[in-house]
Amino acid sequence: MNTGVRSSAMLNATRRIREWDRMTGGDEVDLLVIGGGVTGAGVALDAASRGLSVILAEAHDLAFGTSRWSSKLVHGGLRYLASGDVAVARESAVERHLLMTRTAPHLTRTLPQLLPFVQGVSTTQRTVGEIGFWLGDGLRRVAGTPGRVLPRPHRASPAEAVAMFPALSRRGLRGGVVGTDGQLVDDARLVVAIARTAARTAR
Ligand SMILES: Cc1cc2nc3c(=O)[nH]c(=O)nc-3n(C[C@H](O)[C@H](O)[C@H](O)COP(=O)(O)OP(=O)(O)OC[C@H]3O[C@@H](n4cnc5c(N)ncnc54)[C@H](O)[C@@H]3O)c2cc1C
């Protein structure tokens with residue numbers, strides 16, 4: 001993605017050769033980004049959207065590194081809340097909201113999570129888990145994410161728990177509590193989508 005006329009989102013060999021020639025021919029660019037993972041693609045998009053000219057150099061392929069091997073959670077910041085980092089927790093919830101409702105609803109989905117009430121899960125663990133889900137729901141509400149995207153936590157009966165997770169053992173099962181978070185359908189596709197948007201945005 002580079003200087004010159006407004007570009008298309010096409011990332012192909014022709015474009016690569018054209019931009020490589022420009023770069024080696026002495027064209028100046030404002031920013032050189034090394035690495036086409038989610039960070040590099042995001043930086044390139046941010047810069048391009050501010051009107052800067054950008055080159056993104058990737059040694060292998062877009063999302064070649066950890067960005068294609070993540071656990072695909074688009075989490076809403078609960079883990080940061082647990083460590084007392086309220087600002088980062090809020091930012092995570094807001095970013096999740098934007099991904100799921102505006103920028104990439106086609107690449108994200110709702111991920112139900114069940115804390116089953118089985119033998120071995122103590123009352124304290126249940127209570128802490130349930131409080132965690134409700135705190136997570138508080139972050140959802142702070143970010144303004146609608147309940148149809150991320151439904152609120154609720155208690156599940158044993159039948160509902162098994163219907164959701166058929167591999168769950170019924171022995172000693174007394175239902176559970178269900179919370180929701182965001183999940184990427186495919187983390188590499190998100191990187192490609194960001195890179196293509198940057199390519200489209202570039203001058
Ligand atoms: C097991 C696991 C699970 C995770 N789960 C989650 C999750 O659920 N949710 C979440 O948000 N995050 C998760 N993460 C974190 C997330 O995956 C990373 O924070 C993110 O992928 C980092 O992206 P990046 O672009 O910085 O690095 P990378 O994706 O590793 O990208 C670096 C890129 O740079 C390229 N490169 C390296 N050297 C050069 C060079 N000299 N020249 C040109 N190119 C170069 C590489 O080929 C690579 O494509 C997880 C991470 C791991 C490992």
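View 1. Helices are DSSP runs of H or I with at least four residues, strands are E runs of at least two, and both are numbered from the N terminus. This is a predicted model: local features need pLDDT of at least 70, side-chain atom pairs count only at pLDDT 80 or more, and totals for chains, interfaces and linings use all residues. Residues are numbered from 1 along each chain as its sequence is written, and side-chain values use heavy atoms, with hydrogens and water left out.

View 2. Helix α2 spans residues 38-49 and has 12 residues. From first C-alpha to last it reaches 16 Å, close to the 16 Å expected at 1.5 Å a residue (1.5 Å times one less than the number of residues). Gly-40, Ala-41, Ala-44, Ala-47 and Ala-48 of α2 are buried (under 20% relative accessible area, 1.4 Å probe, protein chains only). They cover an arc of only 130° around the axis, which puts them on the same side of α2. The arc is that of the directions from the helix axis to the C-beta atoms.

View 3. A polar contact here is a pair of N or O atoms within 3.5 Å. A polar side-chain atom of Glu-58 lies 2.6 Å from a ligand oxygen. For the side chain of Thr-39, an N or O atom is 2.7 Å from a ligand oxygen. A polar backbone atom of Val-38 is 3.2 Å from a ligand oxygen.

How values were computed
Buried means under 20% relative accessible area, exposed over 50%, partly exposed in between (1.4 Å probe, protein chains only). A polar contact is a pair of N or O atoms within 3.5 Å; within protein, one must be able to donate a hydrogen and the other to accept it, and residues adjacent in sequence count only if both atoms are side-chain atoms.
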